[in-house]
Amino acid sequence: AASSMMGLLLNPNAAMQYLICNADHCWISAKFSQMFTEFFSSARCVFLKNEEKTMMKRSVSEVISGHHVVNLPADANVRAAAQLMTSAHVASVVVVDGEEQAVGIFTERDLTERVVAAGLDPLQTILDKVMSHTPLTIAADTAVGEALRIMHLNNLRHLPVVEGGKVVGVVSMRDFVGSELVDGEKDFAMMDSLTEHML
């Protein structure tokens with residue numbers, strides 16, 4: 001029943017047709033029809049807005065659920081990292097120490113800018129020389145909205161997720177759905193505007 005009502009909310013015309021077909025007499029006037037459609041359109045907007053808020057509050061652990069953790073030690077070479085990223089279909093490798101603590105992160109952008117563009121040999125270059133050291137991390141129960149805020153403020157596209165001190169995944173911009181990114185961009189634009197006025 002709940003799913004049926006949700007479907008009617010999302011489609012005012014279907015809701016109108018439902019009432020007409022289930023009424024004993026087709027007594028709904030054109031004016032009432034317009035009022036009915038406007039009401040359900042408004043209700044749909046409220047429903048979708050609440051859905052967006054719910055999505056922004058979901059935890060990062062939900063986003064990375066099913067993700068495979070890809071990591072390497074700091075003394076691994078760049079070629080090994082590139083091969084691992086390719087086989088795992090990911091855009092970053094978390095660099096860990098012997099206790100699986102994150103000590104760095106190496107991304108596709110690092111590969112392009114710090115290795116290829118710099119003319120370094122992938123076989124002779126170890127990750128410790130070209131990775132981003134001591135990366136920012138977030139807890140698995142961090143809300144999506146907060147994760148997006150941290151990534152925006154620090155100009156990051158990948159953010160390691162830790163639980164119990166160990167890396168359990170990496171969240172990236174491509175993991176978020178459209179509505180989350182749109183809502184995030186609106187908030188960031190407002191925040192940037194306020195910051196400019198305060199300076």
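These are my notebook entries on one predicted protein model.

**Ground rules**

I number residues from 1 along each chain as its sequence is written. As the model is predicted, I take local features only at pLDDT of at least 70 and side-chain atom pairs only at pLDDT 80 or more, while totals for chains, interfaces and linings use all residues, and side-chain values use heavy atoms, with hydrogens and water left out.

**Entry 1: the whole chain**

I started with the secondary structure and found nine helices and seven strands. Here helices (H or I, at least four residues) and strands (E, at least two) are DSSP runs, numbered from the N terminus.

Next I looked up burial: 30% of the 199 residues in the protein chain are buried. In these notes buried means under 20% relative accessible area, exposed means over 50%, and partly exposed is in between (1.4 Å probe, protein chains only).

The accessible surface of the protein chain is about 12,400 Å², and 56% of that belongs to carbon and sulfur atoms. These areas come from the Shrake-Rupley method with a 1.4 Å probe; for residues, only the protein chains shown count as cover.

I also looked up contacts (heavy atoms within 4.5 Å). Of those in the protein chain with a separation of 6 or more, 57% are between residues 24 or more positions apart.

**Entry 2: a three-stranded sheet**

I then turned to an open sheet of three strands, in the order E5-E6-E7, with mixed pairing. Strands E5 (138–139) and E7 (166–172) are at the edges with a single partner strand each, so one side of each has no neighbour in the sheet.

E5 and E6 run parallel and are joined by two bridges. Two strands pair if DSSP finds at least two bridges between them. I noted one partner: alanine 139 is bridged to valine 162 in E6.

Helix H8 packs on this sheet and touches E5, E6 and E7, its direction making about 135 degrees with that of E6. For that angle, axes are lines fitted to C-alpha atoms, for helices over the stretch in contact, and angles run from 0 to 180 degrees between N-to-C directions.

**Entry 3: helix H8**

Which residues of H8 are buried? In this helix (residues 144–153) I found Val144, Ala147, Leu148, Ile150 and Met151 buried. Seen down the axis of H8, the buried residues fall within an arc of 160 degrees, so they line one face of the helix. The arc is that of the directions from the helix axis to the C-beta atoms.

After H8 comes asparagine 155, with a positive phi near 55 degrees.

**Entry 4: histidine 158**

Histidine 158 lies in strand E6 (residues 158–163). Is histidine 158 buried or exposed? Its relative accessible area is 16%, so I list histidine 158 as buried. Leaving aside neighbours within four places in sequence, histidine 158 is in contact with Ala91, Ser92, Ile105, Thr107, Met151, Val170, Val171 and Ser172. Met151 is one of the buried residues of H8.

**Entry 5: salt bridges**

How many salt bridges are there? I count two, taking a salt bridge as a side-chain nitrogen of Lys or Arg within 4 Å of a carboxyl oxygen of Asp or Glu.

- Arginine 114 meets aspartate 110 at 3.5 Å, N to O. The two are four residues apart in helix H6 (residues 108–116), about one helical turn. Arginine 114 is partly exposed at 35%, whereas aspartate 110 is buried at 7%.
- Arginine 149 meets glutamate 146 at 2.8 Å, N to O. Both lie in H8, three residues apart, about one turn of the helix. Arginine 149 is partly exposed at 32%, and glutamate 146 is partly exposed at 32%.
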